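Me: I would like to learn how to read a few features of a protein model. Please give the general idea each time, then the case at hand.

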Amino acid sequence: MTAPTRPDPKPDSQPVPPADRALPADDNAPGLRGPGRWGSTSLRVGVSVVWLSIIVLLPLAAIAWQASGGGWQAFWLSVTSRAALDSLRVTLSISAAVTLVNTVFGLLIAWVLVRDDFVGKRLVDAIIDLPFALPTIVASLVMLALYGPTSPVGLQLQHTAWGVGVALAFVTLPFVVRAVQPVLLEVDREAEEAAASLGASGPKIFTSVVLPSLLPALLSGAGLAFSRAIGEYGSVVLIGGAVPGKTEVSSQWIRTLIENDDRTGAAAISIVLLTISFVVLLLLRVVGTRAARREEMVA
């Protein structure tokens, strides 16, 4: 006869979970805050606002205060003088042309870097960022050595609008490439293959399938390139030569005003450039956002 088995005694407490299974955090526990709780969010927002104010808003407020030092009439006279209007015309016309060219070729370069394989691809990808790292005055020296009076390629572009355009194209090219490249990596290739299977040509696939997805990033890169171009100084100072009405950009005219101790006039021209840059970026951001929403609705 076998002895009856005795039942296991009831445990006095709940079983301990395995060490590799973490217990859920209690958001209401003292000293603990979830990522979306007011305490941590307010701290992050507060630090961000303070830093943004110190780095961006305070300098902008200071230059706006300086521009208004002589009153509205002095501001208007500064921005509508013949020299100021000539420098703005040169700046905006060359910057717009350079932005258009870099938008086309920046998209082409981004496409090649993402979709094509070739020897030296990583080297080309690294060279794209060179204008970001190179001091702008060095870029001007490079342009002067290449397109100056002793040009090794036989092109003399010093003191010409073409020379200013080449210098601006050099320093603004990475903006479009780096804005488009990550978006192009995420474009759905299956949609392109489906369009090709339905008989669509290469250009039709690009304009109807790929370009709508790239448009917000393309506009963002173009806006950044234009904003950088209208405020550029170092890369054009030697190759351009600051010829009034021909190659003198607004940043060089601002430098002239400062040297003549007209800081109010220099601040007024700076406010105009800042306003133009902000409006262009805002408009392109709105257009890009609407294009992205339309693309989401179609998808």
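Reply: Start with contact, which means heavy atoms within 4.5 Å. This is a predicted model, in which local features need pLDDT of at least 70 and side-chain atom pairs count only at pLDDT 80 or more, while totals for chains, interfaces and linings use all residues. Residues are numbered from 1 along each chain as its sequence is written, and side-chain values use heavy atoms, with hydrogens and water left out.

Me: Which residues does T91 touch, not counting residues up to four places away in sequence?

Reply: T91 touches I230, V249 and S250. T91 itself is found in helix α3 (residues 82-115). Helices (H or I, at least four residues) and strands (E, at least two) are DSSP runs, numbered from the N terminus.

Me: How many helices and strands does the chain have?

Reply: The chain has twelve helices and zero strands.

Me: Is T91 buried or exposed?

Reply: Buried means under 20% relative accessible area, exposed over 50%, and partly exposed in between (1.4 Å probe, protein chains only). T91 has 1% relative accessibility, so T91 counts as buried. In the chain of 299 residues, 32% are buried. Helix α11 (residues 250-259) has the buried residues S250, S251, Q252, W253, I254 and L257; S250 is also among the residues that T91 touches.

Me: Where does the side chain of T91 have a polar atom 2.7 Å from a backbone oxygen?

Reply: The backbone oxygen belongs to S87.

Me: How do I read the packing of two helices?

Reply: Axes are lines fitted to C-alpha atoms, for helices over the stretch in contact, and angles run from 0 to 180 degrees between N-to-C directions. Helix α6 (residues 136-147) packs against helix α7 (residues 161-186) at about 135 degrees, with the axes 10 Å apart. Angles under 35 degrees count as roughly parallel, over 145 as roughly antiparallel, 65 to 115 as roughly perpendicular and the rest as oblique. α6 and α7 are therefore oblique to each other.

Me: Which residues make that contact?

Reply: On α6 they are A139, M143 and Y147, and on α7 they are V166, A167 and F170.

Me: What of the loops?

Reply: One point to look for is a positive phi in a residue other than glycine. H159, in the loop between α6 and α7, has a phi near 65 degrees. H159 counts as partly exposed because its relative accessibility is 36%. D261, in the loop between α11 and α12 (263-298), also has a positive phi, near 65 degrees. D261 is exposed, with a relative accessible area of 61%.

Definitions and conventions: A polar contact is a pair of N or O atoms within 3.5 Å; within protein, one must be able to donate a hydrogen and the other to accept it, and residues adjacent in sequence count only if both atoms are side-chain atoms.
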